[in-house]
Every structure is written in C-alpha cells, then in structure tokens.
Amino acid sequence: MFTELTDANYSATVAETVSGVLICYKQQCPHCKNMEKVLEKFSKKNPDVNLFKLDSEANPEALADLDSERAPTIFVIKGGKMVARKGGLMNPKEMKAFFAAA
C-alpha cells in the first residue's frame with residue numbers, strides 16, 4: 001500500500017505525484033504505526049491518492065529538505081508539490097479534512 005521513499009528517489013517521486021500523502025516516520029515509533037493505520041483507512045476511501053513512507057532516520061537528505069523534525073509528520077502532495085504538512089497523530093476524520101483543505 002505504501003511506497004517507500006529514500007534520499008535517492010524522494011524528489012523525483014514527489015515531482016511526478018499528482019495526488020499523494022507522505023508520512024515521515026521512525027521505525028520504533030508507536031505513534032507512527034498508528035498513523036500508518038489511519039492512512040491505510042484513508043487510502044481505502046481515496047484510492048486515487050498515493051501513499052508514501054520515508055524513514056526519517058535512514059534518509060537524512062530528504063528529511064533536511066522537508067525540514068521535518070517530528071515523527072510522524074504528514075505531508076500532502078498535490079500537483080507534484082508539497083502543499084501541506086502536519087505533525088502528530090490524526091484520526092480518520094481529521095485526516096480527511098486535512099487532505100481536503102490542502
């Protein structure tokens with residue numbers, strides 16, 4: 001369901017994405033795992049939205065470009081650009097509203 005991004009493919013993938021959501025996560029973070037479940041539910045209701053993951057500890061260049069220090073941080077991608085970001089957990093209703101407002 002999620003496409004894993006790395007320092008090597010992060011920029012090109014975002015530029016090619018019409019509609020997507022990226023989560024910056026840490027491997028051992030329980031909040032990140034919970035947010036991934038919320039995003040999977042979101043994706044089932046929005047099949048046209050691509051889901052991406054970025055391990056924030058393993059990809060320092062992409063993380064620096066995103067200026068993301070908190071995990072999880074959610075980014076909305078529309079038209080090949082990051083148009084919104086939010087750190088922390090959201091429930092499915094909040095995620096839907098966050099994406100729609102971006």
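## A walk through a predicted protein model

Let's begin with charge: the protein carries 14 positive and 13 negative side chains, and the centres of the two sets lie 12 Å apart. Here Lys and Arg count as positive and Asp and Glu as negative, while His and the chain ends are not counted; each charge is placed at NZ of Lys, CZ of Arg, CG of Asp or CD of Glu.

A word on the model comes next. This is a predicted model, in which local features need pLDDT of at least 70, side-chain atom pairs count only at pLDDT 80 or more, and totals for chains, interfaces and linings use all residues. Residues are numbered from 1 along each chain as its sequence is written, and side-chain values use heavy atoms, with hydrogens and water left out.

Now look at the fold. The protein has 4 helices and 5 strands, arranged from the N terminus as β-α-β-α-β-α-β-β-α. Helices (H or I, at least four residues) and strands (E, at least two) are DSSP runs, numbered from the N terminus.

What about overall size? The C-alpha atoms fill a box of roughly 30 × 30 × 20 Å along the principal axes. For 102 residues, a compact globule would have a radius of gyration near 13 Å, and the 12 Å of this protein agrees with that. The radius is taken over C-alpha atoms, and the globule rule is 2.2 Å times the number of residues to the power 0.38.

Let's step inside. Buried residues make up 45% of the 102 residues, where buried means under 20% relative accessible area (1.4 Å probe, protein chains only). In soluble globular proteins, nonpolar side chains tend to be buried together. The largest nonpolar core here has 19 residues, and Val-21, Met-35, Leu-39, Ile-74 and Met-95 have the most contacts inside it. Such a core is a set of buried Ala, Val, Leu, Ile, Met, Phe, Trp, Tyr and Cys residues joined through side-chain atoms within 4.5 Å. Two or more residues each come from β2 (19-25), α2 (30-45), β4 (73-78) and α4 (92-101), with α2 giving the largest share, 5 residues.

Pick out Leu-39: among the residues it touches are Phe-2, Val-21 and Met-95, leaving aside those up to four places away in sequence. Contact means heavy atoms within 4.5 Å. A second, separate core of 12 residues includes Tyr-10, Val-14, Leu-54 and Leu-63.

Finally, find Ser-56 in the loop between β3 (50-55) and α3 (60-66). Is Ser-56 buried or exposed? Ser-56 is buried, because its relative accessible area is 10%. Beyond four places away in sequence, Ser-56 touches Tyr-25, Lys-26 and Leu-63.

How values were computed:
Buried means under 20% relative accessible area, exposed over 50%, partly exposed in between (1.4 Å probe, protein chains only).
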